[in-house]
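Let's take a friendly walk through this structure, from helix packing to a few individual residues. Please keep the sequence and the 3D view open as you read.

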Amino acid sequence: HCFHRARFDDALVVELRELNRVDDDLKDQFNALCNRARALFHRYYPAMLQLSPHVSEPWIWRLFELAPTPAKARKLRPQRVEKLLGEHRIRRVKARDVVKTLRARPVEVAPGSDTAAVLHLELLVPQLRLVRAQRKALRQRIEHVLTKLSEPDGDAEGQPEEHRDAAVLRSLPGVGIKVAATMLSEAAQAIAERDHGTLRAFAGVAPIT
């Protein structure tokens, strides 16, 4: 009585579980890369952190490539920054404010520190772009699998148009792709068997268990 019979999940559920877990891994990698970039900017170029504290936005990476050091920022033209902001659809800051921020008095660092930091950042930026692109492609694949799981089950006897669990779950307010993918892949058996006690325990909403 302490055990329950395990069963094979649907092939799409297995795929969804793998995709969702890979997305978690990529998210951790992305956050780690952002933290490393932030630490490097903090060492020699804190003005960048005033524009984007978490250094997780593509326009900041491009801005770094245009002005990798405070010295280069003094030669940066506002027109070029305005074009960059337009390309990335950034409206919360103005080009003149960006240039003014980057041209603020830089921190004093030991000779060679800025060069070393720039070399490190030049390696990190392509990795940030790659992981971000992979997460975007993965999200599209997860969305595709969720759509397939939401399609009416034509094999259901007597109820060919019965709503699938995925469709019902995704119709709930506030349930996005991530929550739906996690619920349907990690608690597939509990959902299929309508085991509400187990589902509440897995989700962490049971008051005791």
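## How H5 meets H6

In this predicted model, helix H5 (residues 78-87) and helix H6 (residues 95-102) have axes that come within 8 Å and cross at roughly 120°. Axes here are lines fitted to C-alpha atoms, for helices over the stretch in contact, and angles run from 0 to 180 degrees between N-to-C directions. Helices are DSSP runs (H or I, at least four residues) numbered from the N terminus. H5 and H6 are therefore oblique to each other; angles under 35 degrees count as roughly parallel, over 145 as roughly antiparallel, 65 to 115 as roughly perpendicular and the rest as oblique. The crossing of H5 and H6 is right-handed, a term used when the near helix is turned clockwise from the far one by less than a right angle.

On the H5 side, Pro78, Val81, Glu82 and Leu85 meet Ala95, Val98 and Val99 of H6, where contact means heavy atoms within 4.5 Å. Six of the residues in this contact of H5 with H6 are nonpolar, none is polar and one is charged. Ala, Val, Leu, Ile, Met, Phe, Trp, Tyr, Cys and Pro count as nonpolar, Asp, Glu, Lys and Arg as charged, and the others, Gly among them, as polar.

## H3 against H5

Helix H3 (residues 58-66) also packs with H5, at an angle of about 155° and with the axes 10 Å apart. That makes H3 roughly antiparallel to H5. Here too the crossing is right-handed. Trp59, Arg62, Leu63 and Leu66 of H3 meet Arg80, Val81, Leu84 and Leu85 of H5. The contact of H3 with H5 divides into six nonpolar residues, no polar ones and two charged ones.

## The nonpolar core

The largest nonpolar core has 57 residues, and those with the most contacts inside it are Phe41, Tyr45, Trp59, Leu63, Leu85, Val98 and Leu102. Such a core is a set of buried Ala, Val, Leu, Ile, Met, Phe, Trp, Tyr and Cys residues joined through side-chain atoms within 4.5 Å. Buried means under 20% relative accessible area, exposed over 50%, and partly exposed in between (1.4 Å probe, protein chains only). Helix H7 (residues 113-150) gives the most to this core, with 12 residues.

What does leucine 102 touch, leaving aside its neighbours within four places in sequence? Leucine 102 is in contact with Tyr45, Ala47, Met48, Leu51, Leu63, Ala73 and Leu76.

## Buried residues to look up

Leucine 19 is in helix H1 (residues 11-44) and counts as buried at 14% relative accessibility. Its C-alpha atom is 8.5 Å from that of arginine 139, 120 residues apart along the chain. Not counting residues up to four places away in sequence, leucine 19 touches Leu138, Arg141, Ile142 and Val145.

Glutamine 189, in helix H10 (residues 188-192), is buried as well, with a relative accessible area of 16%.

## Two positive phi values

Valine 55 has a positive phi of about 50° although it is not a glycine. Valine 55 lies in the loop between helix H2 (47-51) and H3, buried at 1% relative accessible area.

Arginine 89 has a positive phi near 55° and sits in the loop between H5 and H6. At 68% relative accessibility, arginine 89 counts as exposed.

## Reading the numbers

Residues are numbered from 1 along each chain as its sequence is written, and side-chain values use heavy atoms, leaving out hydrogens and water. Local features need pLDDT of at least 70, side-chain atom pairs count only at pLDDT 80 or more, and totals for chains, interfaces and linings use all residues.
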